[in-house]
Amino acid sequence: MRHKQMELDLSQLGKNSESEVLELKESFDNKTLETIGAFANTNGGTILVGVRDDGHITGITLGKTTLEEWAQKMQSKIQPRISPSIVPHQYQGRTVVAIIVDPFPEGICVDGRYLKRVGRINQVMSREEARQKLLVGTDISWDNQIEANATTADLAEEAIEQFIEKLNKAGRRPVPEDEPFSSTLEQLGLTVKGQPTRAAILLLGKNPTRFYPTAFVKIGRFKSAITILDDREFNGNLFQQMDDAMNWLQGRLERRIIIDTSTASRKKSSGGSPMERQEVWQYPLRALREALANAVCHRDYTSGIATTVRLFDKHIEVGNPGTLPPDLPPEALLRKHFSHSPNRLIATCFFNTGVIERWGGGILRMVTDLEDQQQPRPEFDVSTPNVFQVIMFATGHTDNQLRELGLNDRQIDAIHYLRLNDTITATEYRSFFNASDATAKRDLGELVRKRLMIREGKGISIKYRGVESS
């Protein structure tokens, strides 16, 4: 799909015009080529050549072959070859050239480097991010490759039987009763010419950690970041790890009573109680299982880090080694999106056995389940290199509740920020949300008056701390 060409209003350009999808360049140079690569590897974008980065239009002189020379440079420096649109525009007697770049899911490199667009800058991708890009659009993923050090003797017959039972129960990929195990595994891609794939070892292996030492779930209950009350490690195949981890959690999670007012009018009209009491788990079990399934399914099994679950008094963290694709920022997880699993065969087997409902919808179901229990949406932490964490909170206001209190988007985002950080200052608020002094003062003052934050300190030492509902 072509990148939607931006509506050019050159009169509105200024020093803050550059963004994730717009770059201003005074001339066409190697940095321009890098931006083309970064845009293509992220969400696409437009480069305006003939404009300084402060928005001042200098214009550019085009000779008879200038645009052709630009195109040749793109062809020689960018692999695989792409063809951005190059469109000259006239503004107040000056020429500005728009280079319109489409997203390229398979990934491109510029002079051997893979770049991505982050805000207003171009960044070099990590090795893992570049690897994921290369695998998109092919039939290759890490887990569907043959495990050269294994044979079918490393697969557990009991695990295969249980796997086939799960397939038939889910009904998405039923297996004929008389079909030999070897035929089933071959048809599902779990073996190739009789040799097990990496996915087969992880899903059905007798001892997956023999081949992938960190292929286990490390789980613990924490009083603080450094005080561990109870911890365990769950090995076995991925199905066993999922079941063992969920059983461990259910033995330690609290249950609570929530009042369902959604049926109040119906109950009252029928003479029943206007309130309905419902006992629920501290976190929705389906949401927990979804987070755990995502962690073991999408993780990087070449990493030296295990899948982790950390249970605190008021929140839970489910983490895994690996990164989000560069074209899928954390905030995009909270809206409809495509799944980009680096382990597509494991993801397919999880889908066919009913562990996951469909690709790309798990986070949205998690949000719905949490909101149904009057709990806030999950947060995502990507601050640690090559680690992704989803965090769920046992208590706190939901986004709908915060909107009902009259908060704007900046204030709601500040509440989310304080769930993972102790304090926020007025300076940080202005920086995070591009707010003026007056706006920051008004927003923070309102949050204090509504008892969603408390103010601490005096003068330049003033900080704001969150106060969540219980």
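**Helices, loops and rings: a first look**

Colleague: Hi! At roughly what angle do the axes of helix H13 and helix H15 cross?

Modeller: In this predicted model, the axes of H13 (residues 409–420) and H15 (residues 437–449) cross at roughly 60 degrees and come within 10 Å. H13 is therefore oblique to H15. On the angle terms, under 35 degrees is roughly parallel, over 145 roughly antiparallel, 65 to 115 roughly perpendicular, and the rest oblique. An axis is a line fitted to C-alpha atoms, for helices over the stretch in contact, and angles run from 0 to 180 degrees between N-to-C directions.

Colleague: And how are the H labels and residue numbers assigned?

Modeller: Helices (H or I, at least four residues) and strands (E, at least two) are DSSP runs numbered from the N terminus, while residues are numbered from 1 along each chain as its sequence is written. Local features need pLDDT of at least 70 and side-chain atom pairs count only at pLDDT 80 or more, but totals for chains, interfaces and linings use all residues; side-chain values use heavy atoms, with hydrogens and water left out.

Colleague: Back to that pair. Which residues in H13 and H15 meet?

Modeller: From H13 there are Arg-410, Gln-411 and Ile-415, and from H15 Thr-439, Asp-443, Glu-446 and Leu-447. Contact here means heavy atoms within 4.5 Å. The residues of this H13 and H15 contact divide into 2 nonpolar, 2 polar and 3 charged. For those classes, Ala, Val, Leu, Ile, Met, Phe, Trp, Tyr, Cys and Pro count as nonpolar, Asp, Glu, Lys and Arg as charged, and the others, Gly among them, as polar.

Colleague: What about H14 and H15, at what angle do their axes cross?

Modeller: Roughly 115 degrees, with the axes of H14 and H15 coming within 9 Å. So H14 is roughly perpendicular to H15. Their contact is made by Ala-426, Tyr-429 and Arg-430 of H14 together with Asp-437, Ala-440, Asp-443 and Leu-444 of H15. It divides into 4 nonpolar, no polar and 3 charged residues.

Colleague: Is Tyr-429 buried or exposed?

Modeller: Tyr-429 counts as buried, at 0% relative accessibility. Buried means under 20% relative accessible area, exposed over 50%, and partly exposed in between (1.4 Å probe, protein chains only).

Colleague: Changing topic to rings: how many aromatic pairs does a search of the whole structure find?

Modeller: The search finds 11 aromatic pairs. In one of them, the rings of Tyr-429 and Phe-433 have centres 4.7 Å apart and planes at 65 degrees, so the pair is edge-to-face. Rings of Phe, Tyr and Trp (its six-membered ring) pair if their centres lie within 6.5 Å, with planes under 30 degrees apart called stacked, over 60 edge-to-face and the rest tilted. There is also an aromatic cluster formed by Trp-142, Phe-211, Tyr-212 and Tyr-301.

Colleague: Now the backbone. Is the peptide bond from Gln-79 to Pro-80 cis or trans?

Modeller: That bond is cis, with omega near -10 degrees. Pro-80 is found in the loop between strand E3 (78–79) and strand E4 (85–91). As background, most peptide bonds are trans, and most residues other than glycine have a negative phi.

Colleague: Okay, then what is phi of Gln-92?

Modeller: Phi of Gln-92 is near 50 degrees, a positive value in a residue other than glycine. Gln-92 lies in the loop between E4 and strand E5 (94–101) and counts as exposed, at 63% relative accessibility. Asn-434 also has a positive phi, near 50 degrees. Its place is in the loop between H14 (426–433) and H15, and Asn-434 is exposed with a relative accessible area of 74%.

Colleague: One more helix: which residues in H11 are buried?

Modeller: In H11 (residues 362–372), Gly-362, Ile-363, Arg-365, Met-366, Val-367, Asp-369 and Leu-370 are buried. They pack against helix H9 (285–298), strand E17 (379–381) and strand E18 (387–393). Just after H11, Gln-374 takes a positive phi of about 60 degrees.

Colleague: Last one, for the big picture. How many helices and strands does the protein chain have?

Modeller: The protein chain has 15 helices and 21 strands. Of its 470 residues, 48% are buried.
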